[in-house]
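Here is a short report for a first look at this structure. Keep the sequence and the 3D view side by side as you read.

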Amino acid sequence: MIETASAAWDAYAACSPERRPTNGSGARTWFNWTQYPDHGPGVELLGLRPGDRALDLGCGSGGNAAHLASLGVGTVGVDVSTRQLAKARERWPDHPGVELHLVDALTHLRASPGTYAAVYSVFGAVYFSDPAILLPAIRSALVPGGRLVFSQRPAVEGCYGAQASLIQRGPDEDPAVVRRWDHEHGTWIGLLRAAGFVRARAEILPAPPDSGRTEGTLLVRALRPGPPRCEDPEGIDLR
């Protein structure tokens, strides 16, 4: 199973565009939750402080993890793609606060109980793993009061649960096939509560008005029960 996923995501890495050297504000590192550049909220959703530890599930080429490291957050990125991690190591050699591991998300989570102040996934492992198995493992890896935040494309109406997702390879090759999990808002909240999370929230971030696109971004947040570590950036108490 891991070998198949590794080959699929290596194929994705071979054809995916490189991250821009700087964003629209000229910053070398930045955090982006959506499929659109310079759009949406940022790292504040994670509620992190310098010295905290965070986990990136499906870190890809490491841009988000590098930004957290630049803020003094010790960040671990896990991915099953050798090519993606090679890109990350080449792009961010001067970010000692980032640890990169070639391992599937579930294996790492089960080996890391009570370790992270935040776990996040940006179109990453939460999108491509069975939530009934993955979400309890994430909860266990969080410290009390720790946050899970993830983003992915919204589900297509009527297409829920495990879906086939195609990753294009070369012109003379069949696409790689991986599974992704799409759910409505209420289903995600129910799954999070069943896994032991509290204060679960799900919303659609609309596409930028000037993008000409209509597809938004699903953003989901929840807490492991425990003493509150900080207030929500939108002023909502997440206890």
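## After helix α6

Begin with G196, which follows α6 and has a positive phi, near 100 degrees. This is a predicted model.

Helix α6 covers residues 185–194. Its residues W188, I189 and L192 are buried. Viewed down the axis of α6, the buried residues fall within an arc of 100 degrees, so they line one face of the helix. An α-helix has 3.6 residues a turn, so residues three or four places apart point the same way.

The other side of α6 holds the exposed residues G186, R193 and A194. The buried residues of α6 pack against several elements, among them α5 (131–141), β5 (142–152) and β7 (176–182). They also pack against β8 (198–205) and β9 (217–223).

## The open sheet

Seven strands make an open sheet with mixed pairing. Their order is β3-β2-β1-β4-β5-β9-β8. β3 (98–102) and β8 stand at the edges with a single partner strand each, so one side of each lacks a neighbour in the sheet. On average, neighbouring strands of this sheet are turned by 15 degrees against each other, direction ignored.

β8 and β9 pair in the antiparallel sense, over six bridges. E203 stands opposite L219 in β9.

## Helices on the sheet

Helix α2 (residues 63–70) lies across β1, β2, β3 and β4. It runs at about 150 degrees to β4. α5 also packs on the sheet and touches β1, β4 and β5. The direction of α5 makes about 140 degrees with that of β5.

## A buried serine

S16 lies in the loop between α1 (2–15) and β1 (53–57). S16 is buried, with a relative accessible area of 14%. A polar contact of 3.2 Å joins its side chain to that of K87.

Notes. Residues numbered from 1 in each chain as written. Predicted model: local features only at pLDDT ≥ 70, side-chain atom pairs only at ≥ 80, totals over all residues. Heavy atoms only, no water. Helix = DSSP H or I, 4+ residues; strand = E, 2+ residues; numbered from the N terminus. Buried < 20%, exposed > 50% of the residue type's maximum accessible area, 1.4 Å probe, protein only. Polar contact = N/O pair within 3.5 Å; in protein donor to acceptor, adjacent residues only side chain to side chain. Arc of directions from axis to C-beta. Contact = heavy atoms within 4.5 Å. Pairing = 2+ DSSP bridges. Axes fitted to C-alpha atoms, helices over the stretch in contact; angles between N-to-C directions.
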